[in-house]
Amino acid sequence: MSDRAASDRLTRLRDRIEDRLGRIGSRGRYRDSSSDPSAPLVRFCGVSKRFGPVTALDGIDCRFDRGRIHGVVGPNGSGKTTFFELLLRLRHPTAGTVISPPPAAIGYSFQEPQFYPNLTAEENLSVFARLHGDVDPEWRRSVTERLRLDRVRHQRAAALSGGFRKKLDVAIAFVSEPELIVLDEPLAGIDRLSRKRVLELIVEHVEKGGTVLISSHDRGRVDPILDSSLALYDGRVGRPE
Ligand SMILES: Nc1ncnc2c1ncn2[C@@H]1O[C@H](COP(=O)(O)OP(=O)(O)OP(=O)(O)O)[C@@H](O)[C@H]1O
C-alpha cells in the first residue's frame with residue numbers, strides 16, 4: 001500500500017470512529033431488534049444522516065422482515081452505502097432511530113474489504129468463522145469450494161486478484177452463518193459462475209431462516225431473487241430509478 005493510500009485509509013478510519021461515537025453532532029440512536037420472531041429484524045424510524053452540509057439520508061422510514069431477501073436500490077450517491085453503514089453502527093444517525101441486530105450478529109461485505117491483508121485466505125475464513133462461536137466445518141468447506149477459494153487458500157489476501165479478493169470478502173460474510181447478511185455490490189468484478197454461486201448462497205441462507213439485504217447495480221441478476229425492494233433517491237425513500 002502506498003503512503004498516500006495508507007494515510008487516506010487512516011483518515012477514513014478516524015472519521016468513522018469519531019462518527020460511531022456520536023461525536024459529530026448526532027442526536028439519533030440505536031436499538032437492538034426485538035427477539036420476537038414476528039417483529040421486523042430491521043427498522044429505520046425517521047432516520048437522517050448528514051455529513052456537514054451534505055444530507056446523505058433524509059427521514060428514512062422502512063422495515064425489513066425476517067427470512068427474506070431485501071434489495072436496497074438507487075442510483076450512485078442515493079445513500080445506499082450510508083444506509084448500510086448506519087445499519088451496522090459504523091456511523092451514528094444524525095436523527096431518528098435505527099433498530100437492528102447487534103453488529104456481532106451481522107455478516108457483511110462492503111465495497112472496502114474487511115479481511116486481514118496479511119493473513120492467507122484460509123486464515124481469514126478461520127478467524128471470521130470463529131468470531132460468532134462454533135461453525136460447522138462442513139459449511140466453511142462448502143462456501144470455500146463453491147466460490148473456488150480452495151485454489152488460493154494459502155495466498156495472502158493482499159496478494160489475491162481483484163475477483164478473488166471480492167469472493168473472499170463475500171465468503172467471510174457467509175462463513176459464520178449470521179442472522180443477517182448485508183451485501184453491498186457482492187457481484188461486482190467476479191466471474192459468471194461465481195455470481196451464480198453467490199446468488200445460490202443468498203437463497204440458501206434465507207431458506208435456512210436467515211435474512212439478507214443486498215444492493216447491486218446488476219439488477220437483471222438480483223431482482224428475480226428479491227422479496228422486496230427499498231428504492232432510495234437523493235437520500236429519500238420512494239422514487240424508483
Ligand atoms: N464520509 C462522507 N463525507 C461526506 N459526504 C459523504 C460521506 N459519505 C457519503 N457522503 C455523501 O452522501 C451521499 C450518499 O453517499 P452514499 O455513498 O451513501 O451513496 P451510494 O448510493 O452508496 O452511492 P454509490 O452507488 O455511488 O456507491 C453522497 O452525496 C456522498 O457524497
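This is a predicted model: local features need pLDDT of at least 70, side-chain atom pairs count only at pLDDT 80 or more; totals for chains, interfaces and linings use all residues.
Colleague: Thanks! And what is the bridge partner of Arg29 in E5?

Modeller: Strand E1 (residues 29-32) pairs with strand E5 (residues 95-100) over 4 bridges. Within E5, the partner of Arg29 is Thr97.

Colleague: Now the open sheet of 6 strands: which strands stand at its edges, and why is one side of each left without a neighbour?

Modeller: The order in this sheet is E6-E7-E8-E4-E9-E10, and the pairing is mixed. Each edge strand has a single partner strand, so one side of it has no neighbour in the sheet. Those edge strands are E6 (106-109) and E10 (236-237).

Colleague: Which residue of E7 stands opposite Ile106?

Modeller: E6 and E7 are joined by 4 bridges. Their pairing is in the parallel sense. Opposite Ile106, E7 places Leu180.

Colleague: Let's turn to helix H3. Which helices do the buried residues of H3 pack against?

Modeller: H3 spans residues 121-131, and its buried residues are Ala121, Asn124, Leu125, Phe128 and Ala129. They lie on the same side of H3, because they cover an arc of only 130 degrees around the axis. The buried residues of H3 pack against H4 (137-146) and H5 (162-175).

Colleague: Nice. Is Arg148 exposed, partly exposed or buried?

Modeller: Arg148 sits in the loop between H4 and H5. Its phi is positive, about 55 degrees, although Arg148 is not a glycine. Burial would take 20 or more C-beta neighbours. Arg148 has 15 inside 10 Å, so it counts as partly exposed.

Colleague: And where does Glu177 lie?

Modeller: Glu177 also is not a glycine, yet it has a positive phi of about 50 degrees. With 19 other C-beta atoms within 10 Å, Glu177 is partly exposed. Its place is the loop between H5 and strand E7 (180-184).

Colleague: On to the ligand: which element gives the most residues to the shell around it?

Modeller: The residues around the ligand include Phe51, Gly74, Asn76, Gly79 and Lys80. Strand E3 (54-64) and helix H2 (80-87) each supply at least two residues of that shell. The element that gives the most, with 3 residues, is H2.

Colleague: How many residues of the shell are polar?

Modeller: Among the residues around the ligand are Ser78, Thr81 and Thr82, along with Val54 and Ala56. The shell has 3 nonpolar residues and 1 charged residue. The polar residues number 7.

Colleague: Stepping back, what percentage of contacts between residues at least 6 apart in sequence join residues at least 24 apart?

Modeller: The protein contains 7 helices and 10 strands. Of its 241 residues, 38% are buried. Among contacts between residues at least 6 apart, the share that joins residues at least 24 apart is 74%.

Colleague: Last one, with thanks: where in the protein is confidence lowest?

Modeller: The average pLDDT is 90, and 88% of the residues score at least 70. For the complex, the predictor gives an ipTM of 0.96 and a pTM of 0.89. Confidence is highest in strand E8 (residues 211-215), at 97. Confidence is lowest, at a mean of 68, in helix H1 (residues 3-20).

Notes. Residues are numbered from 1 along each chain as its sequence is written. A residue is buried if 20 or more other C-beta atoms lie within 10 Å of its own, exposed if 12 or fewer, and partly exposed in between; C-beta atoms are placed from the backbone. The arc is that of the directions from the helix axis to the C-beta atoms. Two residues are in contact if their C-beta atoms, placed from the backbone, lie within 7 Å. pLDDT is the predictor's confidence in each residue, from 0 to 100. Two strands pair if DSSP finds at least two bridges between them. A residue is near a molecule or strand if its C-beta atom, placed from the backbone, lies within 6 Å of it. Ala, Val, Leu, Ile, Met, Phe, Trp, Tyr, Cys and Pro count as nonpolar, Asp, Glu, Lys and Arg as charged, and the others, Gly among them, as polar.
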